[in-house]
Each structure stands twice: as structure tokens, then as C-alpha cells.
Amino acid sequence: MAHRTSLIPVLGLAALLAGAVVTRAGQAPPAQPALEKPAAAKPAPQKPVAAKPSAQKPATAKPAAQKAAAKQPNTPFPAEPPKAGVPRDFQVPEPKRFTLDNGLQVALVQWGTMPKARVTLSMRTGNAFEKADEVWLADLTGDLMREGSSTRTAAQISEEAARMGGSLTVSVGGDSTTIGGDVLTEFGPQMVSLVADVVRNPKFPESELSRLKANMLRNLAVQLSQPQSLALQKFRAVMYGDHAYGRVFPTEAMVKGFTLDQVRGFYKQTYGAGRSRLYVVGRFDSPAVEAAIRKTFEGWQKGSEPTQPQAKPTSTRAVHIIDRPGAPQSTVILGVPTVDPSSPDFIPLTVMDALLGGAFASRITKNIREDKGYTYSPTSDISVRYRDAYWSENADVTTTVTGPSIKEIFAEIDRLQAEPPSKDELTGIQNYLAGTYVLQNSSRAGITNQLDYMALHGLPPTYASTYVKQVYAVTPEQISEMAKKHVVDDRATIVIVGDRKVIEEQVKAFGSITEK
Amino acid sequence: MPARAITAAAAAAVVLAFSPVLDAQQPPARRGTAATAAAVPSKVTVPVEYHKLDNGLKVVLSRDTSSPTAVVGIYYAIGFRIEPKDRTGFAHLFEHMMFQGSEHLGKNEFISLVESNGGVLNGSTRFDFTNYFQIVPVHTLETVLWAEADRMWGLKITQDNLTNQQGVVKNEVKVNVLNQPYGGFPWLDLPQHANTNWYNAHNFYGELADLDAATLADVQQFFKTYYAPNNAALVVSGDIDTKQTLEWVRKYFGGIPASKLAPQPDISEPRQEKERRASREDPLANRPAVAVGYHAPLRDTPEYYAMGLIDQLLVQGADSRLYQSLVQKRGLTGEVDGGINLLGNMFDVKGPTLFTVYVIHDADKKADDIIAAVDQEITRLQNAPVTKEELELAVVKRRSRLYADYEQFVGFGRANLLAAFALFDDAPAKINRLEDEFRKVTPETIQKAAREYLRPTNRTILTIVPKGKAN
């Protein structure tokens, strides 16, 4: 969570395009700063999906308003869009899997045309395993791990990875922490060895501790000056109370107090082969990579079983305002707890979300952006953690229309609950999810995240191969039912970071205003 | 590029078996470092088919079989640099209008058409072009080409549409700049201080009053002036049948009339002779920050490619000299960010651009201490040529980054480079010369580029003074 976000936006049509489609691989187009942890906890509401959009229905979507006359009467430009052709077959590549004696689960996937390989060690450790008074201890452990092993200095680790055409990144998330990176194809085995050394033999040098804590305090201060971070912090605290998922940021005192012993303790308790998975995806020499994995990971200790207290999010209809005097916009999160990916309702819920607010052409976005012009980057999303999820709409809206924006969001939820969408509208969204599923599985990072997502949530291998079919099986009536059953808006938590004196009147109709 | 020879050869064989884009002509094995045998570096060759329609539309087709998708990118040679002087932010506002309705696609219909065909879409406005792109399942390619052509034929929008998007764009400026700590400081503010020519030095996101002042007539005039086939490049890449694709392109775009293009204004910047400094108070930030921008070498000079390697040596990655010095050794900051053309990459900008480095730091460190530490590394580059090993490291990083550029956003990055080279140079195949150009850079060219372009008198320093409340 401590990772700083990019300050560079795109001067574009939309900030967050199609939600989860593009993973953060390589240099993705700079997007709006992500609010969530980039590690495995998140891969956004991965629309985990499977092969065969041969199941995809012909794209029927065509413009509603067909006008007969072309602008240039002399040209044969057709007034109707040409029909789509026949969908190509698409299969998520089947990984080669094996498990080491110490419990490390390995998946190797040959994929793509670029001479690169991605090595990712995903471990069941992260912020979810912190105690209440040690928020970001997981991040500090990750930062220190990058500072050297028993045989390599931090500078040597960096240079070795760079000479492979890559970099070694430790990314700490909620339920998982990953170590790895992309390298040129010929360096697959060396990258495996480097990752193994960093995770197995950390030196945790005392000399770097105060510098890393200063960096952490600076990151904390910067993030707490961003309205989106403040909104998330409050939203999580309200929903999760004292569960780890409710603790987004530490206090300064916590960070200042961290000791090397705490870091070593956290490492000892939460790192180990038995709670880790290793993925190599791309183009690489399979036998050499497998040999490197066995050689460098076989001696790693198994570690303890991951144990997490079950999250029990609660939500009651109330408005939580964090005052930001003079703010030109209100940053709004409006959400409710839902079922998580292990539920049979999850895929229908995902389709519902895309139609309601997840896609660019979704109802809420059309309403508050394309009709009213209240906001630039509204988006809904199902935020997923281990055995836990919530649905939320997130939008930065102009201060003076904070109330009207929230009113429209509720109106769209109510409308969907009351009336099933048309078959055409649903088919369009199903096609969108089938198509973006292919995009999600068309990069090394995307394939890695997909496999790790399925593993984290305990989904069967058939999940991938039947996802698209399940998306298409959802009916209009089910969409309404999902909205009614899971987006229980009379229990919605509403968090607003904005200019209290201007917005308080506007929003009091939506629930009791809590806090000062 | 050290690796065990057997491993590398086996890997290369695997790759070649699967990949039509890799060059089978491997260069002779080179000597690696003493510890390892020589490896054969893989080289990527991008297929490029280039056509020009009678109306002047440049068409680039590039087959890539990684996934059953296609990228459609249309690039118009109008960036925010040359928008009307009393309409700052207009080029970007206009980009939004391209989604508001054309002859056969009413409001919201373009977006719905692409998404309901399983695709994603966006547009963006940059210094020297405005682009529109879709990434779609390849079987829907014809539908998308039709839609993209429909809006090149003409727009059909109302005052309501314009008012709506003025609201959206003002909200975009608020969320990215006005309500954000540090909002825009390295990418929006710094160029305004570093440049002297209005075209390079104005607020291209737009003053809110200018955005409000835009009229429907402005929109139609802008379209007429710049959105013509002879001012555009269309790239289609992915798992496409190039012959069929070209037929569709001719069918839908071929009849759009060319227009008489206005001469381009002079966008050049004079050689900077004196350091500039600027400072901004930021009521939202609670830690100071500093950005330093140097005018970068013009495209295609030897120094241009050298600068691409200097960027790798100085800024990119945890192994870079500035990271090692400012973060690892001195603890002045936790991150060093920067690069050539922050709103894209070194290839997709045609006119003057900056090489920028920026950091957020604590109040107990002075901006001048940070600049001094940066200077120390720059002076090293100016005083002595880099070693062969350092040069090799920069080249391997740059080459790997190039592949990442190609792959960015499921192949959009490759289309982006092809479009830029078609639009700027009339030569999309230039994409396949980049690796060699970087390999040709010598330690002497790097030294020469550092001496001319990383002069203190060629730079602008912008500091952020935090006025936000402490957390």
C-alpha cells in the first residue's frame, strides 16, 4: 500500500478505461492514481474468464438511431455498421504445473511472441496479516527485503535485474505479496534464482531502516493529501471496523516505532514455500527454468499455514463527510458488502456491475457523465479480497452537484432493481465481458494475475474454461435479482471527501451524517 | 548481454518456433562478461505494410498473432501545441467531441458499439497529435473501421453535447490538477516555464474560462481544419488479414475528401542560454517537490538516441545512477521519476520536448541539495565517457523497454509507434531501425549529448512549496 502512485494522467476521454482490462504490466498508459493496492489482493475485480468466445454471440449492437441519409450522398458509405464476422477461438494457455516437496506450487505458461519472460512469486502474506498496531509492517518488510541478501547488496540486485533487461519488484498487497518482474527471454532461469535469493536470504540491514521509514512517512503524508486515499481510508474503516481490511493507513507513530525485530518476526511468521506460488509466463527455456526452480527453491522452509480472520463487513445507510474546505470536487465512494468470487452469484454479479457502472457505456456513467456532465471518471467495481468483496461506485463530482450525483446513482440502482434490462443491453454487456476477457488474458501479467486469482479464491480449473459460457448464461431477470440481492442500497455506506459547508445540505437526505 | 550460451540458444529456438515477429537473422554471438559465455540477443522485427490512399490517408498494417484481437488507431496531426490562442485546452476538449455523434452514430453510440462488440476504446491529446483507438476482438474489425470512418466523414453534434463535455472536461481538470496535490507540476506546469514559444508554453489543459468560451462554431471549424484524411494516419495491427483489412479501409475511408491544410506555425524553441527557476505554492501538498527539465535533442540526431540511453543510465530503474545516489546512498527521496516526454515516450513527440527528473522530498532537505546531487551524476557523464559495460547495460535496458513499449496495452503500444512514425516521418518502418540506432551510440556521443543538453543553462527548475496542512 505504501507505493506511490503516478502523478502523470492521460489527457483523454476516460481515465480508467474498462476497469480491469489492462494490468499494470510494463508501461501501461498512465492512468489516474490507483486507489487500491497493486498486488494480488486486487487485480481489480478480475473478470476471470475462460476460453472460447466462440461461444460469443454475434455482436448485434448497432446504433439505436439509424438515419437513412448519408452525409455525402455521392458516396456509397453504408448507413448501418457491417456485421461482425465469426469469433476466433481463444484458449487460455494450459499451464504446466508441479509442486515441490516444501509445498511451493509452480505454474509455467509458454505464451506470446515477444522474447520476454515474467517471473512472479506470489506469497500469502501482506497487510491482511498485520496486527492492529503494525499497519504497513508488511510494506516495511518488503522494502527491506529489497535491500540486500546474504550474498548480494541492494545495488547488485538492481544491476543484475537490469542486465537481464528487467527489474525486481517487491509488491505488497492485502492478501498477497509478489516478488518478480519481466526479463528478456534468455534470462528466465537467472531471474528465478535472483527471486529465490531475495526472498530466502534477506539480510534486513539495520543501516537502511531509518531511511526506509522516512520514505514511508513521506508516502503516507502524500497519500493522505489525496482525496481518493482519504475516502478509501474512511470507507474501509466504516465497513470493516477493526479487521485488517479496515486499516488502510498507519499512524506516523506506528511507522516511527517499527523495529527490525518486528520485521524479522513478520517475515518468519508469514513467509514460506507452503503458502507461495511461483509463475513463469512468456517465452523461456522450460527445462532450464524448471531446473532453476528446483535448485533454488527446494531448500526453502515450508513456513506456517496462512490464517486470516474472516472479514465481516457491515454497512448501514449513513453519510460520512471528510471536510476538504474549498475543494472544487467531492470524492464519493458509495458501496455495500457483496458476495466474493467463491459464490455462485459472483459471475452474474459481475455482469450486473458492468451494466450498472463498470463499463464506459454503463448506466451510471451515461447518466452522471455523458448526460449531466457532473464528473469525468465515474466507475463502479467489485473490490475483491480473500473471502470478501464489496461493490462500490466511485466518482469525483463537481462540489455544487454532489447531492444530485448521489441521487442519480441511487436512481440507477433502483431502476435496475425494479426492472430487468433489455435483452439487447444485456447481450452488449456480455459481449463486452467476453471480449475484455480475451484482453485480460493477452499479456504475461494478465495471465499471471488470472492464475493467481483463481488460486487465491480456490476456484476450480473449469472456472477458466467455463467463464464466458457462464457470462452468457445470465438472464435479464437475474441482473435485477443480483442488484436487489447484493446491492442493498438502503444499507449503502456513503463517504464524501469535500467542502462540508457546501455539501452538507445537499446530502443530508441520503442518510444521517455521522462524525463531526 | 550475458547468459549461458546453451540456455540462450534453446530459448531463442523456442521463441522462433512460436513467433513470426522475431528476426531469424541473429547477429553473430558476442563476447559477454568474463563470468558468462556469450549470449545471442534476440531481436524483434515488427511487420510493417504501408499504403497511402488517394485522399492522403496514411495506412499502416502490422500483423501480430499474440492474441485474436486487433488494434485500430487513428492519429490526427493536431496536438494541443497549435490550438487557437484564445482557446486554451480546445484540442483536448475537441477530442471529447469526437465521441458525441457523427452521421450514423448518435450520442453514446460510438462507445456502445465498440463495447458491445467486446472492445475497449479511448482517445488522448498530446503535444503533436490527437489519437483515437480501439482494441477489439479481431472478428469485429470491419464494424470498428466503419465507425471510425463515419466520424472522419463529419461530426453531428449539438450545443447540449458541447455543454455536457465542457462539464466533463472541467471535471477532468479538477480531478487531475485542481483537487490533486502536485497537480500537473512536472507535466503541465514545467513546460510552461521551460518554453518561450507560446505554442509550447501555454496551459494546454485549458483555463476553465477558455473551456467555457468554446462554441459549436469553434468545434466545426477545428474539425474542418484538422480532421481530414490527409492529416491523419490509420494503423491496424493484430491478428489481421492485411489484404482484407486494406480493402475495408479503402471502402470506408477512401471516399472522404482531402482538405487543404493550413501551414504549420513555427513551433521551434531557441537554444536556452540561461537557467530558469520557478516556484509554486501548493495548498494541497504537504511535502516539497522539485522538477528539473532540460530541452531534449531534436529527433533523429545522434544525440537523440544517446539521450534515450542517458535516460536509462540516469533515471530508469533502481539500478540507475540517480536512484542509487539520491535514494539508495543519500536518502534524499524514495523515488526518482522522469524521462523524455512525460506525456508519452521519446518517440511519440515531434516538436520540442523535455527530459525531466522530479522528486518529492522532505522539508529538511533543500531543493538545491537535490539539484546538486543530480548535477554530480551529470558531471560524471560530461567529464568522462561511459565504460563499455555501462553502455551495454543502457542498451539492454533500452531494448527491453522498447519491447515493453510494443506490448503496452495489449499491442496498442506498437500501433502507437507505427502511427507516430507514419505521421511524423512518413516512414513507419523506422520502428525496425530503433534497436540498431541505440546500438550505434558510442560513449563519445553520450558524453557530447550530456555536455550540450544537460548544461545547467539548458534547464528549468520548478519547486513546489507545500502549504497544505500537515497530516
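**Note on the predicted two-chain model**

1. In chain A, 29 residues of domain 1 are in contact with 27 residues of domain 2, two residues being in contact if their C-beta atoms, placed from the backbone, lie within 7 Å. Domain 1 of chain A covers 96-297 and domain 2 covers 311-514; these bounds come from an automatic or database domain assignment. The C-alpha centres of the two domains lie 29 Å apart.

2. This is a predicted model, in which local features need pLDDT of at least 70 and side-chain atom pairs count only at pLDDT 80 or more, while totals for chains, interfaces and linings use all residues. Residues are numbered from 1 along each chain as its sequence is written, and chains are lettered from A and ligands numbered from 1 in the order in which they are written.

3. On the side of domain 1 of chain A that touches domain 2, at least two residues each come from β2 (105-110), β3 (116-123), α5 (227-240) and β6 (276-282). Helices (H or I, at least four residues) and strands (E, at least two) are DSSP runs numbered from the N terminus. The most is given by α5(A), with 10 residues. By class, this side of domain 1 has 15 nonpolar, 8 polar and 6 charged residues. Ala, Val, Leu, Ile, Met, Phe, Trp, Tyr, Cys and Pro count as nonpolar, Asp, Glu, Lys and Arg as charged, and the others, Gly among them, as polar.

4. Between the chains, 103 residues of chain B are in contact with 103 residues of chain A. Helix α14 (residues 388-425) of chain B gives the most to the chain B side, with 12 residues. That side has 45 nonpolar, 42 polar and 16 charged residues.

5. Within chain B, the axes of α2 (residues 90-97) and α9 (residues 216-226) come within 11 Å and cross at roughly 90°. Axes are lines fitted to C-alpha atoms, for helices over the stretch in contact, with angles from 0 to 180 degrees between N-to-C directions. α2(B) is therefore roughly perpendicular to α9(B) (65 to 115 degrees). Phe90(B), Phe94(B) and Met97(B) in α2(B) meet Asp218(B), Val219(B) and Phe222(B) in α9(B).

6. Two non-glycine residues of chain B deserve a look for their backbone. Tyr182(B) has a positive phi of about 65° and sits in the loop between α5 (159-178) and α6 (185-194) of chain B. Tyr182(B) counts as buried because it has 23 C-beta neighbours inside 10 Å (buried: 20 or more other C-beta atoms within 10 Å; exposed: 12 or fewer; partly exposed: in between; C-beta atoms placed from the backbone). Asp300(B), with phi near 70°, lies in the loop between β8 (289-295) and α11 (302-314) of chain B. Asp300(B) has 12 such neighbours, so it counts as exposed.

Conventions
Parallel < 35°, antiparallel > 145°, perpendicular 65-115°, else oblique.
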